[in-house]
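Please keep the sequence and the structure in view while reading.

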Amino acid sequence: MFYSALIDLKRQGDLAPVPGLATAWKRIDERTVELKLRKDARFHNGDEVTADDVAFTFGPEYMFGGTQPLRAGGIATTIKTDNSKPPSVSVYKSSGPALPPEVPAIARRLWPSLEQVKVIDKYTVRFINAVPDVTMEGRIARSGSEIISKRAFLASKDWASWARSPVSAGPYKVKEFKPDNFLVLAAHDAYFGGKPPVREIRYQVVPEVSGRVNGLLSGEYDFVTDIPPDQIKTIEANPKYEAVGGPLLNHRLVVFDKNHPQLANPKIRLAMAHAIDRDAIVQSLWANRTSVPAGLQWEFYAGMFQKDWTVPKYDPQLAARLIRESGYKGESIPYRVLNNYYTNQVQTAQVMAENWRAVGLNIDMQMKENWQQIFDNTKPRGIRDWSNSAPFNDPVSSIVNQHGPNGQQQQMGEWSNVEFNTLSSLLETSTDMSNRQRAFRRMLEIAEREDPAYTVLHRNVVFYGKRKDIGWKWSPTFTMDFTAANLQLPKK
């Protein structure tokens, strides 16, 4: 709600691209997209949004540091990050705040081959890639590609100060932020999409489900998030409130660190995938309000979607046989779990742990307080929970972005596969859709069956409790849209 991108999406509709800060865009060639900026957009500090701000957003000082784009024929080299520690000492410094090394590492995850954003005139820019890329428009529209104020960034004291109060051109601006507690946004009346309908939004962290539901029903909150299905009846028993939501462009999965001695053998990882009763999880914890997807992909991939693909079937006998064949001797395998970072996370973990124990695996379920503890590599890592999204309609947005050379798994040192990485580069640079389809299918075979990096559990779901008299539509993108176009307050 405080950022704006050049290209937006119909977030409550078919997710088609629509104008954002750009009013129009066109392909110049396989490596170049030209965009025309609107002339009525203002940043939160009152400055006009110009082509210079766009070029700066995608330049070395804010995004890429000293990293270089991946060029034709190259295979991406993993830029390591370490989420088990606080943000690293900055390594790139120019005229503005110094960039922590994690920033360009993640930037190259989003834009591996972006070479330049060229200013044509005050309201025209060209995105120029080092290699052909059929997904450039999707990358421009995805989260992480929002436009920021060059002047505001250069004036910031340091990266942490900027990150806690960024200046963009969204419908709201940051007023106050206390990490792990609350965030207050104030209306940006000059927003190009129309004056926001409310003066202020307060996001309050309430970890316990009961606290959120009781707060809604008592009138303390207007909206609450991450409501498990078993609480929907409680909310809807009160005629003033309702529950809305459904499946997202996000899948829940379990991730393997194949450097752990017991997970080095792919048969163990595949056995774990076959031992999970996904249907039982969907039925018992989600009341059949979601489904088991066809692996790490979504139907809106259109021609790239592999219709006949499936996750490993629930087959305890096959799982037990694979474990015997692996030579496993009952050694402990750690499973690090957060306390319901995801809705129903602990309950899901308990179901899977019992599934794994039933086929002969010795699972040590370890409750952790934060992601730094999850990623801590001072002790052997085994299994962890995660979710993967698809921010645009192509496989590179998910399987490459999250598991490829600069995806989180490889940046964290959990998993890598040479053939998979070669195919990642092909998927990102080829314009031949048949070749891309074959490459994607082979990547699914590697990462889900031959050398498992993860196994998909179910399509993620979000349910919101809300006041019934407030008009508002949820989005499968996770976005809570409080713009004038999507929020209608009751008439006084």
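In this predicted model, V184 stands opposite R202, a residue of strand β9. Strand β8, which covers residues 182–187, runs antiparallel to β9 and is joined to it by five bridges. These strands belong to an open sheet of three, in which the order is β7-β8-β9 and the pairing is antiparallel. Because β7 (172–178) and β9 (200–204) each have a single partner strand, they stand at the edges, and one side of each is left without a neighbour in the sheet. From one strand to the next, the twist averages 20 degrees.

Is D385 buried or exposed? With a relative accessible area of 2%, against a cut-off for burial of under 20%, D385 counts as buried. Its side chain makes a polar contact with the side chain of Y335 and another with the side chain of Q345, as the table sets out.

| Side chain | Partner side chain | Polar contact distance |
|---|---|---|
| D385 | Y335 | 2.6 Å |
| D385 | Q345 | 2.9 Å |

Which residues is D385 in contact with, leaving aside its neighbours within four places in sequence? They are R252, L253 and V254, then Y335, R336 and V337, and finally Y342, Q345, M352 and W371.

How values were computed: Residues numbered from 1 in each chain as written. Predicted model: local features only at pLDDT ≥ 70, side-chain atom pairs only at ≥ 80, totals over all residues. Heavy atoms only, no water. Buried < 20%, exposed > 50% of the residue type's maximum accessible area, 1.4 Å probe, protein only. Polar contact = N/O pair within 3.5 Å; in protein donor to acceptor, adjacent residues only side chain to side chain. Contact = heavy atoms within 4.5 Å. Pairing = 2+ DSSP bridges. Helix = DSSP H or I, 4+ residues; strand = E, 2+ residues; numbered from the N terminus. Axes fitted to C-alpha atoms, helices over the stretch in contact; angles between N-to-C directions.
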